[in-house]
Amino acid sequence: MKLWCKTLIACSLAVGVLSGCASNDEEIVVNELPDIQQTIDPQVVWSDSVGDGVGDYFSRLHPEVRYGKVFVASRDGTVTAFDQQTGAEVWSVDFDDLFGDSDLKETQGARIAGGVYAAQNKVFVGDESGLFVALNAADGALVWKTKASGEVLSTPVAAEDMIVVNSGKGVLDAFDIDTGEKKWSYESTMPSLTLRGTGSPAYAEGGVFVGTADGKVAVVIKSNGQVAWEAPIYTPKGGNEFARMADVDMTPLLLGENIYAVSYNGNLASIEMRTGRVVWSRKYSSYHELAQAGLQLYLVDDHSRVYAVDRRNGQEVWSNTQLLNRELTAPAAYRGYLVAGDLEGYLHFFDRETGNLVGRISVDGSGLYSQPIVVDDKIYVQGRSGKIAVITLP
């Protein structure tokens with residue numbers, strides 16, 4: 001089943017999962033690929049595949065590039081490291097072999113959904129049962145395992161001697177990065193209806209910044225797990241639970257003295273990092289990560305409209321609606337371009353100055369679903385089939 005809009009949690013519908021953000025009476029028009037004047041020639045450097053991918057399930061799994069390797073995971077429990085330059089497999093492990101029935105009984109097998117993240121020579125991955133593990137980045141050996149407070153659906157972040165992960169229950173857990181010992185938990189308010197997924201935390205200057213399901217950004221003090229401040233970027237409104245959904249389901253973007261975040265059904269906002277004061281806010285609705293280059297922010301909204309916004313004042317610079325409802329991924333800045341994948345597996349290139357589409361490349365016919373990763377002048381993408389591809393411009 002293709003997901004026209006992000007999957008929602010609904011306790012009694014479709015085994016707890018409700019897809020679609022429109023009523024049954026609304027027809028959702030998915031734009032065909034537009035004719036464009038292709039002025040660039042994207043090329044695949046190398047490609048491979050991992051497990052059976054993620055299928056049609058919601059996932060935020062993406063490649064992680066560090067230590068000269070590309071770390072990739074599939075929903076069915078395979079975690080693989082490839083050589084960054086050649087694409088040769090360095091090591092591969094299987095969650096079912098590593099943990100067996102005892103650790104995976106809640107999900108009847110591996111259901112990896114969180115990560116992948118690398119720090120301090122470890123690779124961190126989590127699954128829908130709450131299993132959260134650290135693997136040795138050199139050989140894939142298990143370093144430690146623990147249980148998060150809920151489903152691990154997002155990417156963790158290293159906070160010096162801790163690794164912090166946000167769970168599907170709205171609980172932010174901090175663990176010792178070397179041992180897996182839990183240090184503290186912070187629980188945010190969970191509305192009765194939320195988006196499927198959670199925002200990933202960010203860390204800076206002794207604070208862990210995280211978006212919440214009730215439309216806020218909070219900063220939690222790393223040393224003790226106490227909240228320093230919470231800033232609402234959107235106050236939920238409306239006559240029903242759908243209208244009041246306001247998840248901040250992305251990683252707060254930390255730039256200088258400000259934080260930038262966007263909520264579903266709500267606003268894009270600039271927040272003063274030190275005090276939590278909202279500097280400006282503008283009406284946009286998105287559950288995607290933001291991208292940034294120079295003075296501009298870039299976002300893809302919940303109908304795959306693409307925008308550039310001046311981060312100093314929130315003024316819109318340009319917009320592009322050519323790929324409406326094509327389930328665009330979060331964008332990423334690459335050279336003078338903005339890149340985003342779509343439901344048919346195309347990676348699109350937008351001119352960052354004008355917003356014009358200037359090129360595309362077909363990567364994986366099963367679709368691209370997560371934000372492209374840009375490292376060392378190359379773009380790393382992961383498809384629903386499990387394909388990983390490295391792309392560059394000559």
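This is a predicted model: local features need pLDDT of at least 70, side-chain atom pairs count only at pLDDT 80 or more; totals for chains, interfaces and linings use all residues.
Which residue in E11 does leucine 131 stand opposite? It is lysine 147.

Residues are numbered from 1 along each chain as its sequence is written, and side-chain values use heavy atoms, with hydrogens and water left out.

Let me turn to the sheet. Strands here are DSSP runs of at least two residues, labelled E and numbered from the N terminus, and two strands pair if DSSP finds at least two bridges between them. An open sheet is formed by four strands in the order E8-E9-E10-E11, with antiparallel pairing. Strand E8 (112-119) and strand E11 (142-147) are the edges; each has a single partner strand, so one side of each lacks a neighbour in the sheet.

Strand E10 covers residues 131-136 and pairs with E11 over five antiparallel bridges. Within this pairing, valine 133 stands opposite lysine 145. Strand E9, residues 122-127, is likewise joined to E10 by five bridges, running antiparallel, and glycine 126 has phenylalanine 132 of E10 as its bridge partner.

Burial of E10 deserves mention. Five of its six residues are buried, so the strand is largely enclosed by the rest of the structure; buried means under 20% relative accessible area, with a 1.4 Å probe and protein chains only.

Finally, the hairpins. Between E9 and E10 lie three residues, and glycine 130 takes a positive phi near 95° in that hairpin. The hairpin of E10 and E11 has five residues between the strands, and there glycine 140 takes a positive phi near 85°.

How values were computed: Buried means under 20% relative accessible area, exposed over 50%, partly exposed in between (1.4 Å probe, protein chains only).
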